[in-house]
Each structure stands twice: as C-alpha cells, then as structure tokens.
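Good morning. I will talk through one structure, going from a single residue out to the sheet and the helices. Please have a look at it first.

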Amino acid sequence: MAPAPISAIKVGHIDDVQELRNGKSSHIPARFIRDTTERPAFDKPIFCSDTIPLIDLSKLAKGSSVELHKLMKACQEWGFFQIVNHGIDVELGERIERVAMEFFMLPLEEKQKYPMIPGTVQGYGQAFIFSEDQKLDWCNMFALGVIPDCIRSPKLWPSKPSDFSETVETYSTQVRELCKNLLKHIATTLALKENVFEEMFGVAVQAVRMNYYPACPRPDLVLGLSPHSDGSALTVLQQGKGSSVGLQILKDGKWISVQPIPNALVINIGDTIEVLTNGRYKSVEHRAVTHKEKDRLSIVTFYAPSYDIELGPMQEFVDEKNPCKYRTYNHGEYSKHYVTNKLQGKKRLEFAKIVN
Ligand SMILES: O=C(O)CCC(=O)C(=O)O
Ligand SMILES: [Fe+2]
C-alpha cells in the first residue's frame with residue numbers, strides 16, 4: 001500500500017513546551033510522558049564519562065600520528081568524540097547561540113510564522129511526529145536547509161533577530177570547512193585517499209537544527225529528544241554555554257552523558273559513514289534528556305552527500321570475513337525515508353540493511 005501523504009496524517013494537538021514551561025504548572029501532558037522502559041534513569045547514578053575521546057584538530061593538522069590513532073579509535077569504538085582547536089571562531093560560536101536563543105525567546109505567534117514543514121524537518125516546532133499516539137519530545141526545534149539552494153526554504157529564514165540569517169550563513173561556511181577537514185582525517189584513518197569522501201559526495205547537503213530544551217518539572221518522565229542515529233555522514237553539535245548536561249549516547253547498552261567542554265564541539269558518525277565503511281565505523285544511538293531547573297540549547301549541523309548520489313559499502317570494506325551488510329541505494333531516497341519516519345533508535349537504517 002502506498003504511504004499516506006504526510007499532509008493527510010493526523011498528529012493531533014501538540015503543546016509548545018516553552019508555553020507549557022511559561023505556564024509554570026508542574027503538570028506534564030500525557031503525550032510527553034514516556035513508557036517506563038524509555039524514561040531516563042535519574043534514580044541510578046548517571047555514568048558521566050570523561051572517557052569520550054577528545055581530539056585536538058591542530059595536532060591532526062600537524063600530522064600527529066598519535067592523534068590520528070586516537071581519532072581512529074574514537075570512530076571505531078565510540079562513533080562520538082569531542083574536538084578542540086577546530087577552527088570555528090569562538091566569537092561566531094557565541095553569536096550563533098545568541099541568535100538562536102533570541103529566536104526561541106520570541107513570542108509564539110512570531111515563531112509560528114515559520115512552521116515545521118511536514119516531511120522536510122524544516123521550520124519551527126516538533127519534527128518526526130506522524131501519529132496522534134506518538135510520544136512528544138520536550139524540545140522545540142528550528143531547522144533550516146542551508147546547502148544546496150534546492151533544500152533552502154527562504155520563507156523559513158526568520159527576519160528576527162535581524163542578524164540571524166547572516167550569522168547562520170557565516171557559521172555554516174566555517175562548519176562546512178570543518179566537516180571537509182574531518183572527513184579527510186577520517187579517510188586517512190581508514191587508509192583511504194584523503195579526498196575520497198569529498199569526491200564521492202558531490203555538492204554535500206548541509207542543514208542546521210537548533211534544539212531548545214526548556215527546563216522540565218519532571219525530567220524523570222520525559223525525553224528531550226527520542227533515541228536515534230543521524231542520517232548524515234557527520235554531525236557537528238555545539239552545546240550551548242551554560243546549558244545543562246543533556247546529550248546521552250548509548251554505549252554497551254548504557255546511556256552515557258556527554259559532558260560539555262568549553263569551546264569544544266561534539267562530532268558523531270552518521271548512518272552514511274556506517275554504510276560506506278560496511279559497519280567498520282558505526283553511527284551511534286543518542287538522545288537528549290532534560291533538567292529540572294536549567295534549560296539547554298544545542299546547535300546541530302548535518303553534513304551529508306548530495307541527494308543524487310548512490311551509496312553502498314565501499315569495496316575496501318567488503319571481503320569474505322566482512323560480507324556486504326548494506327545494499328546500494330540513492331541517498332535522496334534515504335533522506336526522504338529518514339525525515340518521514342519517527343525517531344526510533346537505529347530502525348531507519350534497516351532501509352539499507354541486507355537481511356540474510
Ligand atoms: O541536543 C542534543 O544534544 C542532541 C541533538 C541531536 O541529536 C540532533 O539534533 O540530531
Ligand atoms: Fe542526533
């Protein structure tokens with residue numbers, strides 16, 4: 001049966017979490033309350049690991065083999081790491097946080113001029129909601145396609161604050177360079193030609209998502225963002241200064257909090273790199289939790305191949321011991337599949353899995 005058009009899907013009433021928060025009531029609407037198995041376990045001590053690898057990009061740039069080895073281990077064993085000396089201007093990092101917060105603090109009517117466009121995950125609101133019985137995230141998102149032009153919706157770029165668009169453009173230009181740079185180093189860790197990904201990806205797709213998690217009176221009952229892996233090749237995540245700890249990654253069956261490090265960025269491997277490397281480097285499931293008193297902001301950039309690219313495991317990673325785990329598919333089709341299915345762990349990658 002053909003899938004129902006997104007516009008025909010009934011999502012029911014979606015409360016705006018900032019409005020709920022401003023109402024100061026401690027009542028949590030039922031649609032936000034998770035099943036017991038999904039709730040964050042605040043009663044057990046959260047395993048706050050400082051072992052999530054920290055990579056110094058300036059050392060990689062100087063050709064440090066020790067740092068390259070650390071990067072290889074980070075990609076292979078974690079799929080998540082933090083980077084310092086990454087080349088993004090500190091002042092620009094502060095500016096993007098400021099404009100994002102100024103946008104989220106606008107009156108609801110103003111933000112609703114840029115409503116989330118179903119099936120594209122662009123605009124303001126809750127994304128990935130496809131049915132009335134689906135749980136909601138304690139989060140407001142504002143997402144924009146940046147590159148190429150065909151994914152930009154100029155109507156969604158807000159006029160307030162006045163320097164919002166210019167800041168997103170400048171920030172995105174610098175993050176794009178960072179992604180290209182990181183992919184070169186990642187290719188080197190895989191004994192591939194350093195430009196292999198850039199040549200393969202064509203004009204890479206880049207999108208930015210700002211996630212705002214207001215403080216929640218019952219962080220033990222809700223999730224800021226449902227568990228998922230990213231569909232990108234790489235994701236660059238900036239945790240807002242002064243934000244609460246919120247990002248958690250699933251490692252060996254345990255949720256581990258990622259401690260923000262001043263001026264560091266969090267990098268994670270997305271589904272695309274998992275497929276290309278036939279699972280050598282894996283995309284990792286992650287989620288966000290909320291905090292009772294503190295709000296939290298994250299600025300997330302997704303960097304992925306052009307939509308017209310056909311993707312599948314590279315031959316370098318397929319042999320008798322490592323049979324091909326994923327089929328070849330069109331990246332545009334995968335992206336469409338990704339944005340039209342709910343966040344549910346790594347389920348969306350089943351799209352590409354070869355089932356024996
Ligand atoms: O806010 C966070 O830390 C997680 C955001 C995230 O995973 C996403 O936007 O894909
Ligand atoms: Fe994510």
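I start with a definition: two residues are in contact if their C-beta atoms, placed from the backbone, lie within 7 Å. This is a predicted model, where local features need pLDDT of at least 70, side-chain atom pairs count only at pLDDT 80 or more, and totals for chains, interfaces and linings use all residues. Residues are numbered from 1 along each chain as its sequence is written, and chains are lettered from A and ligands numbered from 1 in the order in which they are written.

What is A304 in contact with, leaving aside its neighbours within four places in sequence? The contacts are A204, V205, G231, S232, A233, T272 and H331. Take A204: in sequence it is 100 residues from A304, yet their C-alpha atoms are 5.5 Å apart in space.

Is A304 buried or exposed? A residue is buried if 20 or more other C-beta atoms lie within 10 Å of its own, exposed if 12 or fewer, and partly exposed in between. A304 has 27 C-beta neighbours inside 10 Å and therefore counts as buried.

A304 belongs to strand β13. Strands here are DSSP runs of E, at least two residues, and helices are runs of H or I, at least four residues, numbered from the N terminus. Strand β13 covers residues 296–304, and nine of its nine residues are buried. On one side these are R296, S298, V300, F302 and A304, and on the other L297, I299, T301 and Y303.

Now the partners of β13. Strands of a sheet pair through backbone hydrogen bonds, either parallel or antiparallel. We count two strands as paired if DSSP finds at least two bridges between them. Strand β6, residues 205–213, runs antiparallel to β13 and is joined to it by nine bridges; Y212 stands opposite L297 there. Strand β8, residues 234–239, is also antiparallel to β13, with six bridges, and L237 faces V300.

Which strands make up the open sheet, and in what order? There are eight, in the order β2-β3-β11-β8-β13-β6-β5-β4, with mixed pairing. β2 (54–56) and β4 (123–125) are at the edges with a single partner strand each, so one side of each has no neighbour in the sheet. On average, neighbouring strands are turned by 25° against each other, direction ignored. Such angles run from 0 to 180 degrees between N-to-C directions, and axes are lines fitted to C-alpha atoms, for helices over the stretch in contact.

Elsewhere, β9 (residues 247–251) and β10 (residues 254–258) are antiparallel over four bridges. They form a hairpin with two residues between them, and D252 in the turn has a positive phi of about 50°.

Last, the helices. The axes of α4 (residues 90–104) and α6 (residues 164–189) come within 10 Å and cross at roughly 140°. Angles under 35 degrees count as roughly parallel, over 145 as roughly antiparallel, 65 to 115 as roughly perpendicular and the rest as oblique. The two helices, α4 and α6, are therefore oblique to each other. The contact involves L92, R95, I96, V99 and F103 of α4, and F164, T167, T170, Y171 and Q174 of α6.

That is the end of my part.
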